[in-house]
Amino acid sequence: MIGRRRKDTGASLPLTERAQTLRSALDTGGDQLDPEQSGKARTVVDRVDERWAIKGGRTVVALAGATGSGKSSLFNAIVGEDVSRISPRRPTTAEAGAAIWGEEDGAELLDWLGIANRHHVTATGDNLGLDGLVLVDLPDFDSRETRHRIEADRILERTDVFVWVADPQKYADARLHDDYLQPLRHHDTVMLVVLNQIDRVRGDGDVDRIREDLRALVKADGAGDHEVLGTSAVTGAGVAVLRERIAAVVSAKNATEARLVGDVRSIAETVAEGVADATPPFTDEADHRLQEALKVASGVPVVLDAVQRDYLRQAKTRAGWPFTRWASALRPDPLKRLRLGDDSRSPSGIAPSDVRGVLGRSSLPAPTPAARANVQLATRQLAEEAATTLPPRWADAVVEAASPSHDDLSDALDQAVVSTPLRERAPIWWAVVGVLQLLLALAAVGGLLWLVLLGVLGWMQIPIDAPFWGIIPIPLALLAGGVLAGLLLAALSRILAGVGAKRRRRVVEIRLDEAVEEVSYQHVRRPLIAVLDRHEKTRELLVRAAA
């Protein structure tokens with residue numbers, strides 16, 4: 001048992017799967033994650049792969065401490081030999097040294113650790129039960145020599161188990177607690193805390209008080225609640241207990257995995273500070289504003305007005321009073337003026353689609369500066385609302401994704417309008433009313449010609465009596481009835497045409513809404529959603545890696 005308690009090193013994910021999950025999170029998050037933290041995380045993942053690929057079941061236990069903590073003397077006491085050399089001028093270790101127990105070849109592991117000073121220990125006496133142990137005496141992590149500190153930090157990154165050695169004078173040193181213990185919030189299962197040189201403390205009560213103080217400090221660091229072992233390399237006090245604790249670690253053969261799991265969890269939590277706790281959803285209000293702005297910018301209101309006028313013109317041409325409908329036929333087709341509507345060829349053989357193929361656009365008026373500004377505002381509001389709870393890097397990515405090129409967006413909107421059917425099959429009532437109008441017109445013309453004939457015959461003094469329908473001469477009845485009925489039917493047709501034009505406008509508006517919505521999705525919402533989806537996937541992977 002390490003320290004006071006252990007956690008299940010199996011956790012929720014196997015080590016290799018956890019490391020791969022972290023790598024996937026880094027790949028998915030990409031540039032939106034802090035580059036410094038991402039770099040550290042990739043280093044951890046690479047270290048997991050390297051350590052896991054090393055054959056054998058050895059456990060690396062490192063004694064780490066500040067200058068004067070007596071860790072080298074404690075190292076020699078555990079080994080039972082004076083292996084680690086101590087500077088005569090100043091109690092400091094210049095280079096890391098390793099004591100190796102067991103016959104298993106550890107060269108590959110020691111080469112990976114970068115430790116050249118190696119001492120093989122014969123497993124006899126007190127050293128029984130330590131088979132598989134690689135005990136490392138590190139340079140002081142607070143050494144005045146920069147290379148000593150770098151060496152200590154480098155090996156600590158690759159160590160399986162930490163034995164933090166403190167002395168009664170410097171056990172509260174800020175470097176130990178701030179730089180080393182606080183970052184190890186997920187490593188309490190691979191950590192031992194030792195108060196060395198207890199022989200220098202006068203009373204046993206004082207030793208217990210210092211041990212409890214150190215225990216409280218370590219707990220406040222977030223590194224776990226550990227039993228602080230008291231040792232003395234001079235008197236040998238506590239050395240046997242420390243050796244037993246180390247032997248328990250070695251025999252369990254799970255310290256390597258526990259250490260690496262702790263590394264992955266810690267760095268995953270650090271990287272996760274670059275994502276939000278939850279991915280924000282879209283708001284219907286912002287989406288509606290964008291839709292309306294795109295409709296205005298694409299000229300949908302102009303097209304709808306043209307569709308309505310076109311319906312009225314066609315209705316009057318086909319079902320209007322025959323004596324005035326020719327005037328409607330002379331009016332320009334509002335859809336053809338926009339190169340929209342049907343695709344019939346002109347006498348010159350050129351169809352509207354041919355013009356659009358050359359120009360790539362309809363003749364819709366270009367969006368006004370106000371309309372363009374409205375689109376930019378709507379897209380930015382949509383992006384800002386979607387990114388309101390996201391960290392800056394993600395928020396910037398959302399805004400950039402929701403800000404397409406103006407030319408690309410304008411072309412896409414124009415093509416959406418051009419490709420939308422704006423006409424339907426002519427209503428049946430147009431044909432019915434058209435036939436009735438033609439019959440009434442023929443009746444009126446027939447009555448008129450009849451009356452003219454009677455007038456001419458009367459002028460020529462050829463007596464011919466007109467037939468009567470009651471008291472009304474039939475020719476007059478035909479003329480008056482044809483004209484009045486035709487005008488009444490034309491008025492009724494105008495009312496029906498107004499209703500039909502509004503209905504046609506609504507139908508086309510629905511189609512255009514769908515076309516503009518597709519443009520909105522492809523050019524604004526889809527890229528934006530892709531960033532949010534990537535954020536959510538990154539967040540889920542980091543949570544899983546840190547669980």
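Gln197 is buried, with a relative accessible area of 8% (buried means under 20%, exposed over 50% and partly exposed in between, with a 1.4 Å probe and protein chains only). This is a predicted model, in which local features need pLDDT of at least 70 and side-chain atom pairs count only at pLDDT 80 or more, while totals for chains, interfaces and linings use all residues. Residues are numbered from 1 along each chain as its sequence is written, and side-chain values use heavy atoms, with hydrogens and water left out.

Gln197 sits in the loop between β6 and α7 (helices, H or I with at least four residues, and strands, E with at least two, are DSSP runs numbered from the N terminus). Though not a glycine, Gln197 has a positive phi of about 60°.

Now to β5 itself. Six of the six residues of β5 are buried, so the strand is largely enclosed by the rest of the structure. Val161, Val163 and Val165 point one way from β5, while Phe162, Trp164 and Ala166 point the other way. Strand β1 (residues 59-65) pairs with β5 in the parallel sense over five bridges (strands pair if DSSP finds at least two bridges between them), and here Val61 has Val161 as its bridge partner. β5 also pairs with strand β6 (residues 191-195), again parallel and over five bridges, with Val165 standing opposite Val194. The chain gets from β5 to β6 by way of α6, in a right-handed β-α-β crossover (right-handed if, with the strands pointing away from the viewer, the path from the first strand over the helix to the second runs clockwise). Elsewhere, strand β2 (residues 97-101) and strand β3 (residues 117-121) make a parallel pair over five bridges. The link from β2 to β3 runs through helix α4 (residues 107-113), and this crossover is right-handed too. In this pair, Ala98 faces Arg118 in β3.

The model holds seven aromatic pairs (rings of Phe, Tyr and Trp, the last by its six-membered ring, pair if their centres lie within 6.5 Å; planes under 30 degrees apart count as stacked, over 60 as edge-to-face and the rest as tilted). One of them joins Trp429 and Trp430 edge-to-face, at 6.3 Å centre to centre and 80° between the planes. Trp429 is partly exposed at 22% relative accessibility, whereas Trp430 is buried at 4%.

Three cavities of 30 Å³ or more turn up. The second largest cavity has a volume of about 40 Å³ (the space filled by probe spheres set on the points, which are joined across faces, edges and corners). Its lining includes Phe141, Val165 and Ala166, along with Asp167, Lys170 and Asp173. By class, that lining divides into five nonpolar, one polar and three charged residues (Ala, Val, Leu, Ile, Met, Phe, Trp, Tyr, Cys and Pro count as nonpolar, Asp, Glu, Lys and Arg as charged, and the others, Gly among them, as polar).

The largest pocket has a volume of about 690 Å³. Among its 20 lining residues, Arg47, Glu157, Asp179, Pro183 and Leu184 are the closest to its centre. Two or more lining residues come from each of α2 (35-53), α5 (146-156), β5 (161-166), α6 (174-181) and α9 (255-272), and α9 gives the most, with five. The lining of this pocket has eight nonpolar, four polar and eight charged residues.

Methods: On a 1 Å grid over the protein atoms alone, a cavity is a set of points where a 1.4 Å probe fits but cannot get out, and a pocket is an open set with protein on both sides within 12 Å along at least five of seven lines; lining residues have an atom within 4 Å of a point.
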